[in-house]
Amino acid sequence: MHLPVSLFNTLTRGMEPVRPGEDGQVRIYNCGPTVYNFVHIGNLRTFLFQDLLRRTLVASGHPVRFCMNLTDVEDKIIRDSQKDLPESATNVERHGAMKALTERFTALFLEDLDALRILRPDVMPKATDHIPHMIALIQKLEAKGLAYAREGSVYCRIAGLPQYGCLAHLDREGMRAGTSVDSDEYERDTVNDFVLWKAAKAGEPTWESPWGPGRPGWHIECSAMGIEHLGERVEIHTGGVDLIFPHHENEIAQSEGALGHPWVASWVHGEFLMVEGEKMSKSLGNFFTLRDLHEKGVDPIAFRFAIQSNHYRKLYNFSFEGLKGAENALKRIRAFRRRMEGEGEAGGGAWKEALQPLPRIEEARHTFWKAMGDDLNTPEALAALFTLITDLNAQDDRIALSREERDAALAFLDETNAIFAAWPTEVGSADGEVEALLAARKAAKAAKDWAEADRIRDQIKALGIVIEDRKDGTTVWHRG
RNA sequence: GGCGCCGUAGCCAAGUGGUAAGGCCCGGGACUGCAAAUCCUGUACUCAUCGGUUCGAUUCCGAUCGGCGCCUCCA
């Protein structure tokens, strides 16, 4: 399928078509997690948005190279990983403790991705594997007079970068001088200059560098890894809206300063998630991880669907009521899928409002993809799917859809599932216990022993199986 | 102080200068032994408020009210 996709570019604050690079590929750099703890559902919203973008571009016919970094060296990681180490710990021990923490949470992060059916990135570079790349990038900036060393730290000189502020749309005068200055950044020329390399401090793991032992600043890692794995021209760079400033602004400063030309064509940002009308925070007790939701009996895929049913650039108010609604909506799609997988029951055969199923499906397909191409407008795309479902259900009730028509509907469901990954094809497989119970219930029904029949149905329900009696006397069942 | 976003039915939500998609929930009916699923049907004279532009605005402009974000670590 060849589908044009337009996205809202934070840089220009306008809608722009996605343009692949000269090799036809679309390179996407995605700011990933800092692996020092469980990611929360707000983080996951961003990762779901990135997955949505990727799947949409792939479906639209673009080869995509999807890179997501893992930040495995950072203040909080150091704080949490070093707290039990003695002052006398060696650098090797400090690195070991840091690695133990980040590897543990990286594994847990990947579990979350899998549970949400977020496709694994093509490359997932770790900051600690790219220290030489960062050092080289900083040296490049230094050589151009865009960075300066002070007491073992190195800072980026934004005075030499006239485009600074272009992403966040901040002018330098408008930037409020920071009132709280990081203790290790007191030697900067101006408050807006940001740190590229941090001089070693007691109790921190360090790397050797031309400026002495130290560790990288936060922003430089994305520039170094992005350039290393995607190159000097990147089509799309994503992240949460809170990353626009200063993180992405600083990435632009560093990367373009070093490269001497534009780096990223399009910056795309996902909005935040609120919980029950309030900003998610640990103090409010509304801070959830995917595990928390799982313990509350929430299906991760229902969460995925709830998130993706809303537009990525709009604030999403997460609520358990909303989740329930998403679950019910999913059931409707899945029920329709099962219906299409089965054969049609004899209908009345005539209907004044009869439609042409195949053209109708084509129409829905067109509307769906047009909406997806319009800045990933999932609410509108889903509306197209739901109206089709209503139309085909109504038709099938009266004039049974042919096998060909059912297959066309299924093919469309597969297409949409390539985006939403929420309506699996799995059918209830033969299960001895269920089959035996169904036989017993059939016998009870034949004997008109309704109490017994209902009792058996409850028993089946307790197994997590839902059954439906069909007109022809057969009974079908499915899980959930 | 600077920059920006949002305010559409009980809830979620799309949308366009010409008179309001879709989903969930809820009411009535059909089907069913009862259900489930499905179908039929009913729910915004109205798109925060007040002005303006226009033949005509929910959609453009201005103001007001309300909610939110960034300017500092943060998805």
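Predicted model: local features only at pLDDT ≥ 70, side-chain atom pairs only at ≥ 80, totals over all residues.
In what order do the three strands of the open sheet with mixed pairing lie? The order is 12-11-13.

**The sheets and the hairpin**

Strand 11 (residues 273-275) runs parallel to strand 13, with three bridges in the pairing. Within that pair, valine 275 has phenylalanine 318 of strand 13 as its bridge partner.

Strand 1 and strand 2 (residues 14-17) are antiparallel and are joined by four bridges. Here phenylalanine 8 is bridged to methionine 15 of strand 2. Four residues lie between the strands of this hairpin, and arginine 13 in the hairpin has a positive phi near 55 degrees.

| Strand pair | Sense | Bridges |
|---|---|---|
| Strand 1 and strand 2 | antiparallel | four bridges |
| Strand 11 and strand 13 | parallel | three bridges |

**Helix 3**

Helix 3 covers residues 91-115, which is 25 residues, and spans 36 Å between its first and last C-alpha, close to the 36 Å expected at 1.5 Å a residue. Its buried residues are Ala97, Met98, Thr102, Phe105, Phe109, Asp112 and Leu113. An α-helix has 3.6 residues a turn, so residues three or four places apart point the same way. The cover over the buried residues of helix 3 includes helix 1 (41-59), helix 2 (75-82) and helix 7 (290-295). After helix 3 comes arginine 117, with a positive phi near 60 degrees.

**Domains and their contact**

The domain assignment divides chain A into domain 1 (6-270), domain 2 (290-420) and domain 3 (432-479). Taken over C-alpha atoms, the centres of domain 1 and domain 2 are 37 Å apart. Their contact involves 21 residues of domain 1 and 19 residues of domain 2. On the side of domain 1 that touches domain 2, strand 1 (6-9), helix 1 and helix 3 each supply at least two residues. Helix 1 gives the most to this side, with ten residues. By class, the side of domain 1 that touches domain 2 has 13 nonpolar, four polar and four charged residues.

**The surface near RNA strand B**

RNA strand B is surrounded by 60 residues, of which the closest are Gly42, Gly240, Ala329, Ala383 and Asn393. Elements that each supply at least two residues of this surface include helix 1, strand 9 (234-240), helix 6 (244-259) and strand 13 (316-318). Also among them are helix 9 (320-341), helix 11 (378-398), helix 14 (450-462) and strand 14 (465-469). The surface near RNA strand B is made up of 26 nonpolar, 20 polar and 14 charged residues.

**Lysine 471**

Lysine 471 sits in the loop between strand 14 and strand 15 (475-479). Is lysine 471 buried or exposed? Lysine 471 is exposed, because 8 other C-beta atoms lie within 10 Å, and a residue counts as exposed at 12 or fewer. Lysine 471 is 126 residues away from glutamate 345 in sequence, while the C-alpha atoms of lysine 471 and glutamate 345 are 7.4 Å apart in space.

Technical notes:
Residues numbered from 1 in each chain as written. Chains lettered and ligands numbered in written order. Expected span 1.5 Å × (residues − 1). Buried ≥ 20, exposed ≤ 12 C-beta atoms within 10 Å, placed from the backbone. Contact = placed C-beta atoms within 7 Å. Near = placed C-beta within 6 Å. Nonpolar A, V, L, I, M, F, W, Y, C, P; charged D, E, K, R; others polar. Domains from an automatic or database assignment. Pairing = 2+ DSSP bridges.
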